[in-house]
Amino acid sequence: MTTTPAAEPLLDVQPSPLALLLLGRDADPNSERGVECPGDLPAASDPDLVERARAAKARLGDRVFILGHHYQRDEVIEFADVTGDSFKLARDAAARPEAEYIVFCGVHFMAESADILTTEKQQVILPDLAAGCSMADMATAEQVAECWDVLTDAGVADVTVPVSYMNSSADIKAFTGRHGGTVCTSSNAERALGWAFEQGEKVLFLPDQHLGRNTAVLQMGLSLEDCVVYNPHKPGGGVTPEQLRAAKMILWRGHCSVHGRFSLDSVNEVRERIPGVTVLVHPECRHEVVTGADMVGSTEYIIKALDAAPAGSKWAIGTELNLVRRLAKAHPDKEIVFLDRTVCFCSTMNRIDLPHLVWTLESLADGRVVNQIQVDAETEKYAKAALDQMLALP
Ligand code: SF4
């Protein structure tokens, strides 16, 4: 792929309204946002943790269903009934109505989506409430409502269709549903944009500017000049009404703190270090990284590509490190390396560890429901409309 210079700086670090918290198994549980582990969060050093998790899971039997996102730690994945990306997991949970408790080993927006898609009787649990997502936190309901006002003042709201990435809060999905838009995943973003451009003239893409730009330019044939970036931290989004009127893609200024770290330098460096390497990256990476790579695709695409790769092939993967390490272990006949030399876990995904899982399972087995994620009925109604629209995409 050739490298196309971008019109906008593609990564700037905007402060998240919710602080990213320090990781560490010995972290003070009282410092965790909203978490109450009343004195009985097991110590990470407890040699019986694995046995305790097994025993609590066995006590719960079919009443519990544990979902493990691809980016989770190995010690957590070991106890997952299914693994997958966020949307697959939410659907897996919906397909198990007999499971009273859905323990979502992932991050907050994923548990919200599972709550929206599961029945009233099912309770969705997030083992650590501090497991948020920095990208999802970059678009709040208030900021998006203000953005819509700006679009209205510029006279373009009526012809703009919101498309929200799955990695967004229930509030943002509900905004999208209310305004006739759709949710998308990294696998179906092209179809979602194709549909949206049949409904209106412009798309407001939330909250990941990179997925929006990469899909629009590399798959939909738009140019970088067709895209503007709306910065919620600047008056009027930092764009003029004329720019909004001229744009086809209005990209929210959000990004993933993990995928946004990869740079073109990492791509060039790995090509020098490993001759013949194939660089495969996630579309949440910056545009220059995606255009500098050999292949781009969602987490599921990356997994399938490596499954299908011949023995002896060499790969540098630009996605979360827990997954890359597991893939390298699963394919000892191939050389699979992490694209960056710097360790790059998703810090909030990593908050779910074995002590939190044990605490959750033992609490549930004792009849105490902890850390339940509940989306209110009004939000759920409109968020579900946007999710249903995604399922109905041509
Ligand atoms: S990898 Fe990125 S998008 Fe996924 S949960 Fe972590 S910060 Fe959010």
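**View 1. K304 in helix α12 of the predicted model.** K304 has its place in helix α12, residues 299-308, where helices (H or I, at least four residues) and strands (E, at least two) are DSSP runs numbered from the N terminus. This is a predicted model, in which local features need pLDDT of at least 70 and side-chain atom pairs count only at pLDDT 80 or more, while totals for chains, interfaces and linings use all residues. Residues are numbered from 1 along each chain as its sequence is written. Because K304 has 12 C-beta neighbours inside 10 Å, K304 counts as exposed; by the definition used, a residue is buried if 20 or more other C-beta atoms lie within 10 Å of its own, exposed if 12 or fewer, and partly exposed in between, with C-beta atoms placed from the backbone. The C-alpha atom of K304 is separated by 33 Å from that of E225, and the two residues are 79 residues apart along the chain.

**View 2. The open sheet β2-β1-β3-β4.** In this view, 4 strands form an open sheet in the order β2-β1-β3-β4, with parallel pairing, where two strands pair if DSSP finds at least two bridges between them. The edge strands are β2 (82-84) and β4 (123-125), each of which pairs on one side only. From one strand to the next the twist averages 25°, and such angles run from 0 to 180 degrees between N-to-C directions, the axes being lines fitted to C-alpha atoms, for helices over the stretch in contact. Strand β1 (residues 64-69) pairs with strand β3 (residues 101-105) in the parallel sense over 5 bridges, and F65 stands opposite I102 in β3. Helix α4 packs on the sheet by touching β1, β3 and β4, and its direction makes about 155° with that of β3; contact here requires that the C-beta atoms of two residues, placed from the backbone, lie within 7 Å. Helix α3 lies across β1, β2 and β3, running at about 170° to β1.

**View 3. The crossing of helices α3 and α4.** The axes of helix α3 (residues 86-94) and α4 come within 9 Å and cross at roughly 35°. On the α3 side, S86, L89, A90, R91, A93 and A94 meet M110, S113, A114 and L117 in α4. By class, the contact of α3 with α4 has 7 nonpolar, 2 polar and 1 charged residues, where Ala, Val, Leu, Ile, Met, Phe, Trp, Tyr, Cys and Pro count as nonpolar, Asp, Glu, Lys and Arg as charged, and the others, Gly among them, as polar.

View 4. Since 10 of the 10 residues of α4 are buried, α4 is largely enclosed by the rest of the structure. What covers the buried residues of α4 includes β1, α3, β3, β4, α6 and α15. Helix α15 (residues 377-391) has 15 residues, which at 1.5 Å a residue should span 21 Å, and its end C-alpha atoms are 20 Å apart, which agrees; the expected span is 1.5 Å times one less than the number of residues. In α15, the residues T379, E380, A383, A386, L387, Q389 and M390 are buried, and their cover includes α4 (108-117), β5 (160-165), α6 (170-178), β6 (182-184) and α7 (189-199).

**View 5. The open sheet β11-β10-β12-β13.** An open sheet of 4 strands has the order β11-β10-β12-β13, with parallel pairing. At its edges stand β11 (295-296) and β13 (335-338), each with a single partner strand, so one side of each is left without a neighbour in the sheet. Helix α13 (residues 321-330) packs on the sheet, touching β12 (314-318) and β13, and its direction makes about 165° with that of β13. Strand β10 (residues 278-281) is joined to β11 by 2 bridges, the two running parallel, and L280 stands opposite M295 in β11. Between β10 and β12, which run parallel, there are 4 bridges, and the bridge partner of V279 in β12 is A316.

View 6. The peptide bond from L206 to P207 is cis, with omega near -25°, and P207 lies in the loop between β7 (202-206) and α8 (209-219). N371, which lies in the loop between α14 (354-365) and α15, has a positive phi of about 50° although it is not a glycine. Because N371 has 23 C-beta neighbours inside 10 Å, N371 counts as buried.
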